[in-house]
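Me: I'd like a close look at one part of this fold, with the cut-offs spelled out as you go. Here's the structure I have open.

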Amino acid sequence: MVVLLGIVVFLFAFASSRNTNRYVSAPNVKFVGENNLFVTSEAVSKLLIQNYGGLKNVPKEALVLNELENTLKSNPLIKSAEVYVAVNGTLNAEIEQKTPIARVSANASYYIDDEGMYMPLSKNYSARVPLVTGRIEKNNLTNVFKIARKIKSDDFLKKHVFEINQDNNKQLYLRLRKCDFLVKLGDVNFLDKKINNLKAFYKKNQKDNTLGNYSKVNLEFENQVICTKI
């Protein structure tokens, strides 16, 4: 019995020693969430390798996984990262990218992500999202973000709105595909009601074939739709 116990302890210690002394293989990168690659697996591998000066010759016990995760999350296109080493020594990185919901084209060009934060453009992929123009401040995206988030969640807006504009007085406007008129939202108060008013206006005038008769549709007042004819 004592001999058997000794053999078991020896085998366990031997296996643990072999596992500890394994060297890490090249990174295996997996993207979770949306498939559009704003950052590539090659770029992720490069970040990991730069952190350790080459991973293939690094023993498993020398890796600090938390440091690797923080390195990946320092990339402004990456939302979250989980790094772990499999028993066979494979280094795995699961990456969730940020999701853009609008693209600013003003004094600088960048995305606004689905949390209302700055997201740089990518050389690898260009997202089809509404354009944001006018007076935009990178550190004050709250109102524009509220509009962009509403567009993303609403099928009518997603189909028709291609541009959000904010003027010097922080008044907000929309432009719709195949329509010449400008939609004035004003501020973001009573936004749902304003959008419902826009839908009702659009539906009626589309039916009457009169959408082309207007140059401006003003929704800034809660219970009114004020139209300016051409």
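Which strands does helix 4 lie across, and at about what angle does helix 4 run to strand 8?

Reply: Quick ground rules to start. This is a predicted model, where local features need pLDDT of at least 70 and side-chain atom pairs count only at pLDDT 80 or more, while totals for chains, interfaces and linings use all residues. Residues are numbered from 1 along each chain as its sequence is written, and side-chain values use heavy atoms, with hydrogens and water left out.

Now the helix. Helix 4 (residues 142–153) lies across strand 4, strand 5 (109–113), strand 7, strand 8, strand 9 (172–176) and strand 10 (182–186), and runs at about 165° to strand 8. Helices (H or I, at least four residues) and strands (E, at least two) are DSSP runs, numbered from the N terminus; contact means heavy atoms within 4.5 Å. Axes are lines fitted to C-alpha atoms, for helices over the stretch in contact, and angles run from 0 to 180 degrees between N-to-C directions. Helix 6 (residues 191–208) packs on the sheet too, touching strand 9, strand 10, strand 11 (214–218) and strand 12, with its direction at about 160° to that of strand 10.

As for the sheet itself, it's open, with nine strands in the order 6-5-4-7-8-9-10-11-12 and mixed pairing. Strand 6 (118–119) and strand 12 (226–229) are the edges, each pairing on one side only. Two strands pair if DSSP finds at least two bridges between them.

Zoom in on strand 8 (residues 161–166), where you'll find Gln 166. Gln 166 counts as buried because its relative accessibility is 4%; the cut-offs are under 20% relative accessible area for buried, over 50% for exposed and partly exposed in between (1.4 Å probe, protein chains only). Leaving aside neighbours within four places in sequence, the contacts of Gln 166 include Thr 133, Gly 134, Asn 143, Val 144 and Leu 172.

The nonpolar packing is worth a look as well. A nonpolar core here is a set of buried Ala, Val, Leu, Ile, Met, Phe, Trp, Tyr and Cys residues joined through side-chain atoms within 4.5 Å. The largest has 34 residues, and Ile 147, Ile 164, Leu 174, Leu 176, Phe 181 and Leu 185 touch the most other members. Not counting residues up to four places away in sequence, Leu 185 touches Ile 147, Leu 172, Leu 174, Leu 191 and Ile 195, among others. Apart from that core lies another, of 18 residues, including Leu 47 and Ile 78.

Finally, the rings. Rings of Phe, Tyr and Trp (its six-membered ring) pair if their centres lie within 6.5 Å; planes under 30 degrees apart count as stacked, over 60 as edge-to-face and the rest as tilted. That rule gives six aromatic pairs. One of them is Phe 38 with Tyr 111, edge-to-face at 6.1 Å centre to centre and 70° between the planes. Phe 38 sits in the loop between strand 1 (28–32) and helix 2 (41–52), whereas Tyr 111 is in strand 5, 73 residues apart. Phe 38 is buried at 3% relative accessible area, and Tyr 111 is buried at 1%. Phe 181 and Phe 201 have ring centres 5.7 Å apart and planes at 85°, so that pair is edge-to-face. Phe 181 belongs to the loop between strand 9 and strand 10, and Phe 201 to helix 6; both are buried.
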